[in-house]
Amino acid sequence: RCTEDKERQAQAEAAARRASAEPGEAEADVAGEQVEVTLSSRPFGLTPSSKGPGYVVLKASEGKPAAKAGVRIGWRLVAIESFSEEVELPEWQSRLKAAALPV
């Protein structure tokens, strides 16, 4: 019984977190559509996922340029300025830091 109560409590807490999430915190629908976003100031407020190749947005911090521009969780960077190669996360991060504003 104790285990059942803990499981119900965990499910209720997860449902409450989903219900209270900001629109920008909901996972993005991946439809293959590319969206161009311009960020004019730093820090951008992007947190990348450490899983998988490339740069996938894990979080767009509220009030930061990325969130204000409409960046969503689950989006994958495909280009920065003229750079659009498939590279690993550290290279994307270096490119973001070095990019001239607006990005």
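Ala, Val, Leu, Ile, Met, Phe, Trp, Tyr, Cys and Pro count here as nonpolar, Asp, Glu, Lys and Arg as charged, and the others, Gly among them, as polar. The model is predicted, so local features need pLDDT of at least 70 and side-chain atom pairs pLDDT 80 or more, while totals for chains, interfaces and linings use all residues. Residues are numbered from 1 along each chain as its sequence is written, and side-chain values use heavy atoms, without hydrogens and water.

**View 1. Lining of the second largest pocket**. The lining consists of Arg42, Pro43, Phe44, Gly45, Leu46, Pro48, Tyr55, Gln93, Leu96 and Lys97 (a pocket is an open set of points on a 1 Å grid over the protein atoms alone, where a 1.4 Å probe fits, with protein on both sides within 12 Å along at least five of seven lines; lining residues have an atom within 4 Å of a point). Six of these residues are nonpolar, two polar and two charged. Helix 3 gives the largest share, three residues (helices are DSSP runs of H or I, at least four residues, and strands runs of E, at least two, numbered from the N terminus).

**View 2. Surroundings of Leu96**. Beyond neighbours within four places in sequence, Leu96 is in contact (heavy atoms within 4.5 Å) with Arg42, Phe44, Tyr55, Leu77, Ile80 and Val103.

**View 3. Ser49 in a loop**. Ser49 sits between strand 1 (46–48) and strand 2. Why is Ser49 classed as buried? Its relative accessible area is 14%, and buried means under 20% with a 1.4 Å probe, protein chains only. Residues up to four places away aside, Ser49 touches Val56, Leu58 and Leu89.

Conventions. Buried means under 20% relative accessible area, exposed over 50%, partly exposed in between (1.4 Å probe, protein chains only).
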